[in-house]
Amino acid sequence: MKWLPSRHHFALARLIALMMLKTTPRPAADVDRVMFAVDRHQSTAENYAVSILFTAITTCYIATMLPLAAPLALVSALPLALIAIQILLVAGGLIVRSIAANSAFMMLCAVAASLYFATRTTWVRFAAYTFLAVVALNAIAFVVMWLLRDRVRELELRCAA
Amino acid sequence: MTPIWIEPVAMAFWSLFFLLWGPGRRGVMRNLKAIKPGSWSITNFFRCYRVFWNYAWSIADTVRFKETRTTPDWEFTGWRHIEEMQSRGGAILLTAHMGSYDLGAHIFAETSAHHLVMVRAPETDAQTREFEEAHRAAGFRIEFSAQSGELALDLLHAVTSGGIVAIQGDRVVEGISALPATLFGKPAQIPAGPFALAMAARVPIFPVFVVRRGRRRYRVVAREPIEIVRSANREEDFERAVARWTGELESVIGSKWYQWFAFEPFSPEPAA
C-alpha cells in the first residue's frame, strides 16, 4: 500500500513506486492497525528528495555568484538559498494564489536557472547537468507511466480491494 | 501557497523561530533536563530545535487537514483499548500535548460512532477561534477549560450520555484546579478535572497519545484504562490514579521527548 503510484507526485517517483509495489511493507511489530491515505503528496522520501535537490542546486547557483572560494561560498550560500527560496515562494504566491501554479513556477525558475548555469565553464555546470538530467528522466517516466496507465490502475485497484 | 514538495525547506526555515522565542526555548530545555538527567545544555539546545521542528510540522499537518482534508497515515498500538473505548462509550480520553491533539481528535471524531467533546485551553485570538469553529469535524464539540463552573456539568452530562471527553492531562493553566504529582522525579501539578469527572461519572480514563512518526505519519498509542475505584479515602483514590497516569506520561514522554510540546517548565523546581 505504501508504494502505490497514486501516493506519489512526480512521474519518476510514481514509476519507482510501481516497481516497488510488489514488496509488501510490514508495519512495526507493536502496530496493531494501520490507516493509509491515498494522496499524491504522501511520500516522505519523494518530498524530501525534491526539497533537498532544489535547495542543493539553489545553493550551488548562489555560491557560484559569490566572490569566495568554492567551499566557503557553498557554506555561505546555504542560508542565502533558504532565504531566496522563501522569497521565490512568496513572490509566486502573490502572482497566482494556487499551490499547483506556484509549484510549476518554482520548477520553471529552477529549469531556467539550470539552463543558464549549464552553459558556464565552472564546476556549477555539473550541478545544472544533474538537475536537467533528473528533469529529463522525469519526462521519460511520464511517458512510460502514461503508456502503463491501465495496468497501474488495475494493480492499484487490486491493492485497495 | 507553498508547493508541497518544498514543505521540508519551509519548515526548516521557519522552525528557526525557536531562536527568537527565549521563554519557550528555555522552558523546553528545562523540561529536557528533567527528562534526561545529567544531559548537557548544548545537546538539549539541539534537542529543543527538534521539538520546535516537530511542533511546526504538527501545526502544518493540522492546518492542511482542516483546509484541504489531507489525511496523514495512521498507525495504532493498543488497538484493543481503542475498541473498548469505542464499544462502551462514556469514557475519558486523557492525553498530552504531543503530536497533534487537534488532528487526533478530528480523526477520532470522524471515525467514531460516539460524540467527542474536546476540552482545550481557551483560544484568545478571535480569528483563530472563528477558523477552528468553521473547520471542526461533525460529531465533535470543543469546550474551553476556562469556563470551569458550567463546563463540569456539561462534561458530566456528555460522559453519562455515552460521549467521549478528550482532555490534555499534562499541564495546568491558571484558574484550573490541580492535583499534586511527581513527574520525572520532580514535583508537578496535573489537572484534577479528568480524575474528578471519572470518579463522578464512574467511567474509566483511557490514556491515549498521538505521536508524530514522520512526514504525514502519526501513531496513536493507547494504554490500559485507568479505573478510579472509590473507597472511603478520596484523596488516596486520586493519588493512585494520578500515579498511574504520570507513569504512562513518563513512559511515553521519556522515549518521545521530541514530541512533547510543553513550552513552560512542568515543575517549579529547577532541574538538577
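In this predicted model, α2(A) crosses α4(A) in a left-handed sense. The two helices pack at about 45 degrees, and their axes are 11 Å apart. From α2(A), the contact takes A:Phe54, A:Ile57 and A:Tyr61. They meet A:Ala110, A:Ala113, A:Ser114 and A:Phe117 of α4(A). By class, that contact holds six nonpolar residues, one polar residue and no charged ones.

Now take α4(A) by itself. The helix covers residues 99–118, which is 20 residues. At 1.5 Å a residue it should span 28 Å, and its end C-alpha atoms are 28 Å apart, so the two values agree. Which residues of α4(A) are buried? They are A:Asn102, A:Ser103, A:Phe105, A:Met106, A:Ala110, A:Ser114 and A:Phe117. Their cover includes α2 (44–65), α3 (70–95) and α5 (124–147) of chain A.

Turn to α2(A). It has 22 residues. From first C-alpha to last it reaches 32 Å, close to the 32 Å expected at 1.5 Å a residue. Its buried residues include A:Glu46, A:Asn47, A:Val50 and A:Ser51. Further along α2(A), A:Phe54 and A:Ile57 are buried, as are A:Thr58, A:Thr59, A:Cys60, A:Tyr61, A:Ile62 and A:Ala63. What covers the buried residues of α2(A)? The cover includes α1, α3, α4 and α5 of chain A, together with α1 (7–14) of chain B.

One of those covering helices is α5(A). Two packed helices are described by the angle between their axes and the distance between the axes. For α2(A) and α5(A), the angle is about 150 degrees and the axes are 9 Å apart. That angle makes α2(A) roughly antiparallel to α5(A), because the cut-off for that label is over 145 degrees. The crossing is left-handed. On the α2(A) side stand A:Leu53, A:Ile57, A:Cys60, A:Tyr61 and A:Thr64. On the α5(A) side they meet A:Val124, A:Ala127, A:Phe131 and A:Val134. By class, the contact of α2(A) with α5(A) has eight nonpolar, one polar and no charged residues.

Next comes α1(A), residues 11–20. Its axis comes within 7 Å of that of α5(A), and the two cross at roughly 55 degrees. That makes α1(A) oblique to α5(A). The crossing is left-handed. A:Ala11, A:Leu12, A:Arg14 and A:Leu15 of α1(A) make the contact. Their partners in α5(A) are A:Leu137, A:Asn138, A:Ala141, A:Phe142, A:Val144 and A:Met145. By class, there are eight nonpolar, one polar and one charged residues in the contact of α1(A) with α5(A).

Step out to the contact between the chains. Chain A brings 31 residues and chain B brings 23. On the side of chain A that touches chain B, β1 (33–35), α2, α3 and α4 each give two or more residues. Which element of chain A gives the most? It is α2(A), with seven residues. By class, that side of chain A has 14 nonpolar, 12 polar and five charged residues.

Finish with loops of chain B. Most residues other than glycine have a negative phi. B:Phe184 has a positive phi of about 50 degrees although it is not a glycine. It sits in the loop between β6 (178–183) and β7 (186–191) of chain B. Because B:Phe184 has 19 C-beta neighbours inside 10 Å, it counts as partly exposed; buried would need 20 or more. B:Arg202 has a positive phi too, near 55 degrees. This residue lies in the loop between α8 (193–201) and β8 (205–214) of chain B. It has 13 C-beta neighbours inside 10 Å, so B:Arg202 counts as partly exposed.

B:Glu227 is in the loop between β9 (217–222) and α9 (234–255) of chain B. With 13 other C-beta atoms within 10 Å, B:Glu227 is partly exposed. B:Glu227 and B:Ile205 are 22 residues apart in sequence, and their C-alpha atoms are 6.5 Å apart in space.

Note on methods:
Residues are numbered from 1 along each chain as its sequence is written. Chains are lettered from A and ligands numbered from 1 in the order in which they are written. This is a predicted model: local features need pLDDT of at least 70, side-chain atom pairs count only at pLDDT 80 or more; totals for chains, interfaces and linings use all residues. Helices (H or I, at least four residues) and strands (E, at least two) are DSSP runs, numbered from the N terminus. The expected span of a helix is 1.5 Å times one less than its number of residues. A residue is buried if 20 or more other C-beta atoms lie within 10 Å of its own, exposed if 12 or fewer, and partly exposed in between; C-beta atoms are placed from the backbone. Two residues are in contact if their C-beta atoms, placed from the backbone, lie within 7 Å. Axes are lines fitted to C-alpha atoms, for helices over the stretch in contact, and angles run from 0 to 180 degrees between N-to-C directions. Angles under 35 degrees count as roughly parallel, over 145 as roughly antiparallel, 65 to 115 as roughly perpendicular and the rest as oblique. A crossing is left-handed if the near helix is turned anticlockwise from the far one by less than a right angle, and right-handed if clockwise. Ala, Val, Leu, Ile, Met, Phe, Trp, Tyr, Cys and Pro count as nonpolar, Asp, Glu, Lys and Arg as charged, and the others, Gly among them, as polar.
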